[in-house]
Every structure is written in structure tokens, then in C-alpha cells.
Amino acid sequence: MGNSNSSGKQAGRDESAGRVPVGIRPGPDHRTGTLPDSAASGNPEGSRARSQAVPATFAEAGGLIEQYEIVHPAVPAEAEGMTILHLTDFHIRKPLLGGPAWPGVLKRLEAWLPHHDVDLVAMTGDYGDHPKDDQAAVGMLERLAPMLRGRLGVFGIFGNHDGAGLVERAKRVGGVRWLGCESVAFGNGVTVVGASFPEDLVGASAESEGGFRVALIHYPTEVYTAASLGIDVVLAGHTHGGQVRWSPTMTPHTSSDLPSGLASGMYRLGGTVLCISRGLGEAVARVRVRCPAQACVYTLRRGEAARTETLTAIVRW
Ligand SMILES: [Fe+2]
């Protein structure tokens, strides 16, 4: 949110020992009341019968972590149940009176991360708010990156608030693989496609080796390009869900060229699922109204889903 202007290799690491898997799996370590699979999916008949992606109905870390299923017929059998933690739009700012730039939302995330396991971490931009905040934003990334332990890796792209100075310094932060215009394929049939600039999505897609493609892009408007390219899932941010709004469909301003009622949520266009996160931080003013910060954990589920001719809401959040 802010200014409106709106690319196979094998990769992987497994540092999951001793950590709690995230997903729709009930267990004593889910501290805030994990629902059984059928209840979490909202459909007792399970994924084979689902025709739309299904929202999980609980949240963790004080409401920050929200879990949703992405139901898609092309999810490889080896990727069934794969979990993706999506972080976006941090908008870290230089502290007015010095000290660390570590807002409360990151304290909640920091408390949650050591106790949960995910397969992939995806970050979709806007780490700092303004070039004067680059030092604080890079400091945040240096502190956060060691906590992000996706089994298949941690991947990031940049957003419209990330200037050349931040990009250059962020690339030196260990533990994050930054995707400017490229793709990375995993052994489970999933390929992550990263495009830090909208115009790079075509190139990144062309470079990919197929598979079930999950694209990381900042602008949700790129869903139209993604759908034309046959990309399966798009993870985006930028809108902050409107940041100040009455409801998910009543959002006065989103900095997006999509209709304001499409500020956040899960949508389908053709065979492409678009997830627009409300994000973690704020632009312009440090205020959110009826639009809390959000970090989504998506679980890939293979299931039937009708193609749509227009951008159609599956879940609004
Ligand atoms: Fe943003």
C-alpha cells in the first residue's frame, strides 16, 4: 500500500526437528484450539468434496496467524498438506527515539514461530516504509530471518516501498533467498516463482520448469497476468486490506487498481487462486481500523474447484 504504481533449481533444507507442524492437524501443542480437520475445513466430507477453497476458522498469536486451505485440482500428491507462511508489508520505520524497530506485531510473530513448523516461508515486499527507514528495515530482516525456518526455504521478493538501497542491503541478509525474476522447483512438484517487479512475472514464469506454480508478487493486480500464464497460486500484498475500512468489502482506499471491495481475501480467476494478505504493517499513518494485521498460513489441498471467468471471491478476510 502507498504508491499506487502499481523468475528450476532444487532447493531445500530441513530444520524442522522438534517443531510443531502447522496445518489442520489437531494436537495438544496447538495452544489456541486447533480444530479437527473436518471442522477446520468447514466441510465434514473432506477435501474430495470441496469445490472451493475453505477458510480455517481460528487464529493464533493473538489473532495474527490465520490459517486457510488453498484447494486446487493441480496440487501434486506429494504436496498435499504443504504449508506456506505468508508475510508481507512490514513497513518498518526508524524509531523516533532510537532503539530497535520491532513492533508489537513482530513480537507476536516471534512468540509463535519457535513452536510451529511450516514447509515454506514467502515474503512479498514492503519491508521498510521509506528510504530513511532502510537501516531499521534491514535490522528487522536480520533479526527475523533466523526465526524463519521453512523446511523448503525462505523466499522473498520486494515491493514498491523497497528502494534500491534497501534491496542491496537486504540481499546480504542470510537465510532468505531473494527472487528478482526467477523460479525454484522443489522435489514435491511445487515451483515457487518470484517477481519483484510486475513486469518480471512473464520472465519468471517462462524460466520456471512447470509443476504446481506458486507466484510471489507484490501487486494483486498481477493476477490477470498470472492467470493468463497458467500460474496456479498467487500470493500478494500491497493493499493492507485497505488498512482503514468498515468491512472487507467496504474499503475506501487500497492503493490497488482492483475494485476496493477486493482489498484482501482469497479469489479465483480462471484456474488461478489469488491470496491478498492484509499484511503486518501500516503505510502513511500507523493506524488500522477494522482491519487487523495478518500473517497467513496456507495449506495446499488437492480438490475440485470450478474455473471462473471473472475474479471471484472464495474467502474474504
Ligand atoms: Fe505496503
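What percentage of the 317 residues in the protein do buried residues make up?

## Overall composition

In this predicted model, buried residues account for 53% of the 317 residues in the protein. The secondary structure of the protein comprises six helices and 15 strands.

Strand 6 takes part in a right-handed β-α-β unit with strand 5 and helix 3, the helix being formed by residues 134–144. Strand 6 also belongs to a right-handed β-α-β unit with helix 4 (residues 164–170) and strand 7.

## The buried side of helix 2

Helix 2 covers residues 104–112, and its buried residues are Val105, Leu106, Leu109 and Trp112. These residues lie on the same side of helix 2 because they cover an arc of only 120° around the axis.

## Loop residues

Histidine 91 is located in the loop between strand 4 (83–87) and helix 2, and this residue has a positive phi of about 50° although it is not a glycine. Is histidine 91 buried or exposed? Histidine 91 has 25 other C-beta atoms within 10 Å, and it is therefore buried, given that the cut-off for a buried residue is 20 or more.

The loop between strand 11 (233–236) and strand 12 (265–270) contains histidine 253, and serine 255 has its place in the loop between strand 11 and strand 12 as well. Serine 255 is a residue other than glycine with a positive phi, the value being near 60°, and serine 255 counts as buried because it has 20 C-beta neighbours inside 10 Å. Histidine 253, by contrast, counts as partly exposed, since it has 16 C-beta neighbours inside 10 Å. Histidine 253 and glutamine 243 are separated by 10 residues in sequence, and their C-alpha atoms are 8.1 Å apart in space.

Note on methods:
Residues numbered from 1 in each chain as written. Predicted model: local features only at pLDDT ≥ 70, side-chain atom pairs only at ≥ 80, totals over all residues. Buried ≥ 20, exposed ≤ 12 C-beta atoms within 10 Å, placed from the backbone. Helix = DSSP H or I, 4+ residues; strand = E, 2+ residues; numbered from the N terminus. Arc of directions from axis to C-beta. Right-handed = clockwise from strand over helix to strand, strands pointing away.
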